[in-house]
Number of protein chains: 2
Amino acid sequence: MSQTDTVTRILDAAEALFAERGFTETSLRTITSTAGVNLAAVNYHFGSKKELIQAVFERFLTPFTDALEAELDQRVATGGTLRVEDLVGSLFRVGLGGLSERGLDPQRFMRLLGLAYTQFQGHLRRFIVARYGNSYRRFAGLLAQALPGVDPVTFYWRLYFMLGATIFTLSSYDAIEAILREDFGAQSSLPETLERLVPAASAMLKVEAG
Amino acid sequence: MSQTDTVTRILDAAEALFAERGFTETSLRTITSTAGVNLAAVNYHFGSKKELIQAVFERFLTPFTDALEAELDQRVATGGTLRVEDLVGSLFRVGLGGLSERGLDPQRFMRLLGLAYTQFQGHLRRFIVARYGNSYRRFAGLLAQALPGVDPVTFYWRLYFMLGATIFTLSSYDAIEAILREDFGAQSSLPETLERLVPAASAMLKVEAG
DNA sequence: GCGGGAGTTAAACAGTTGTTTTAAATGATG
DNA sequence: CATCATTTAAAACAACTGTTTAACTCCCGC
């Protein structure tokens with residue numbers, strides 16, 4: 001088994017297990033045994049469990065922000081005024097399409113993102129801010145431009161409202177979908193849910209009275 | 001040290017530590033030592049760590065839902081059409097005022113509520129649904145009545161959007177507030193943030209296109 | 001005054017955790 | 001083919017986890 005093979009197998013197993021159970025609830029022994037590699041391989045290749053967690057995030061966050069940057073480049077280049085719905089739509093379309101094209105599971109990433117915020121891993125938050133803060137600030141800046149009437153502080157609070165609605169909903173997507181299917185018999189796909197989320201989030205950003 | 005004293009001290013310590021670090025990240029030894037009681041006291045009085053977690057939630061969720069029910073009773077009794085803003089406002093006012101009147105910390109409870117959803121404690125979710133599901137369904141029903149134009153499935157998705165925005169934002173309130181104060185020099189109080197959240201959440205519930 | 005039960009205590013239990021060590025195997029390079 | 005660093009392997013490490021045990025204290029009702 002080559003090195004890259006072992007590294008990839010560990011990342012695959014860790015990603016799935018973290019999303020399913022959380023970080024502290026997933027032991028290195030569970031990861032290595034489902035990956036079919038030796039226990040010591042994690043500390044050998046990644047150094048520690050913390051660094052493994054960061055590596056899992058890096059592997060999906062880098063292609064995501066790259067795709068988002070490219071999308072923003074294109075929108076800016078083709079000129080035209082950037083509307084709120086377009087920007088929010090871009091964000092979701094990239095997250096949904098860009099990742100699943102690569103055979104990656106967008107729900108799983110939303111779950112991991114939610115964990116990054118709610119599980120108590122200070123190192124993870126610092127890592128993400130340091131590595132991807134620029135992309136985040138660029139998107140936020142463009143969105144603020146599209147909302148000239150909203151004062152900065154209110155805007156940023158609403159940005160967090162949107163972030164919360166998105167991360168919370170999509171990271172619990174399966175559970176919510178199951179409840180709705182049971183109560184209404186109507187199943188909703190992930191793209192449908194995002195179609196519902198775009199106008200809702202946009203409306204929240206744009207309210208006048210604030 | 002009387003029994004109630006020990007029980008209360010354990011609950012106080014557990015509540016603060018859980019909100020600060022999470023469930024699995026908080027050991028019984030940390031709880032009992034900060035509470036100043038013996039390690040075995042938790043298993044003696046509560047049975048297990050799981051039941052301690054449930055007891056912590058029961059202690060603040062019961063007064064909260066009681067106050068919410070009372071508020072809803074009053075609104076229904078005084079007649080008048082129930083508007084979306086009023087219902088959402090009631091929810092927040094009760095959560096903020098009703099709890100802090102009792103000397104309880106509303107942010108901490110939002111943090112705990114967030115954990116209940118994102119940490120992987122199946123027993124907790126089941127416990128909360130079983131104990132407080134009726135209050136939740138009553139509130140959701142009244143809110144749905146105030147939104148006659150919105151189809152049920154869309155309504156429930158938006159309810160989760162609102163839940164996510166609220167829990168996510170308020171459970172990270174301190175962190176977000178610190179960032180905004182650093183970047184804009186403007187500090188926002190918790191009531192101010194809720195004043196921003198009420199119209200934003202209401203707008204999200206009411207959007208037409210969807 | 002005294003049995004008895006509720007409450008507390010210190011100690012030990014068995015299991016799991018992340019990490020390290022030491023040795024063997026592998027595989028590319030000279 | 002020999003050599004060397006890289007990679008895997010099994011085992012042990014020390015620390016920590018939730019829970020249980022058994023002895024002990026205390027107070028209340030008889």
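Biologist: Through which surface do the copies, chain B and chain A, meet?

Modeller: In this predicted model, 98% of the interface residues of chain B are also interface residues in chain A, so the copies meet through the same surface. As for the extent of the contact, 47 residues of chain B touch 46 residues of chain A.

Biologist: How should I read the buried area between chain B and chain A, and on which atoms does it lie?

Modeller: Buried area is the accessible area that two parts lose on being put together, summed over both. Here chain B and chain A bury about 4,200 Å² between them, and 75% of that is on carbon and sulfur atoms. Within chain B, the residues that lose the most area to chain A are B:Phe120, B:Trp157 and B:Phe168, which together account for 20% of what that side buries.

Biologist: Which elements give two or more residues to the side of chain B that touches chain A?

Modeller: They are helix H1 (3-21), helix H6 (106-118), helix H8 (152-171), helix H9 (173-184) and helix H10 (190-206) of chain B. The largest share, 13 residues, comes from H8(B). Sorted by kind, the residues of this side of chain B divide into 30 nonpolar, ten polar and seven charged.

Biologist: How many salt bridges are there between chain B and chain A, and how many over all chains?

Modeller: Side chains of opposite charge can pair when their charged atoms come close. Between chain B and chain A the count of salt bridges is zero, although six residue pairs across that interface are in polar contact. Over all chains, the count comes to 22 salt bridges. One case is A:Arg59, which forms a salt bridge with A:Glu15, with 3.1 Å between the closest N and O atoms. This pair links distant parts of the chain, since A:Arg59 is in helix H4 (residues 49-77) of chain A and A:Glu15 is in helix H1 (residues 3-21) of chain A, 44 residues apart.

Biologist: Where is A:Ala146, and which residues does A:Ala146 touch?

Modeller: A:Ala146 lies in the loop between helix H7 (122-145) and helix H8 (152-171) of chain A. Leaving aside residues up to four places away in sequence, A:Ala146 touches A:Leu82, A:Arg83, A:Val84 and A:Leu87. The C-alpha atoms of A:Ala146 and A:Leu87 are separated by 8.8 Å, while the two residues are 59 residues apart along the chain.

Biologist: What feature does UniProt place at residues 27-46 of chain A?

Modeller: According to UniProt, in an unreviewed entry, residues 27-46 of chain A carry the feature "DNA-binding region". In the model this span is 75% helix and 0% strand, and its end C-alpha atoms lie 15 Å apart.

Definitions and conventions. Residues numbered from 1 in each chain as written. Chains lettered and ligands numbered in written order. Predicted model: local features only at pLDDT ≥ 70, side-chain atom pairs only at ≥ 80, totals over all residues. Heavy atoms only, no water. Contact = heavy atoms within 4.5 Å. Buried area = accessible area lost by both parts, 1.4 Å probe. Salt bridge = Lys/Arg side-chain N within 4 Å of Asp/Glu carboxyl O. Polar contact = N/O pair within 3.5 Å; in protein donor to acceptor, adjacent residues only side chain to side chain. Helix = DSSP H or I, 4+ residues; strand = E, 2+ residues; numbered from the N terminus. Nonpolar A, V, L, I, M, F, W, Y, C, P; charged D, E, K, R; others polar. UniProt positions renumbered as here; feature names shortened; annotations may be inferred.
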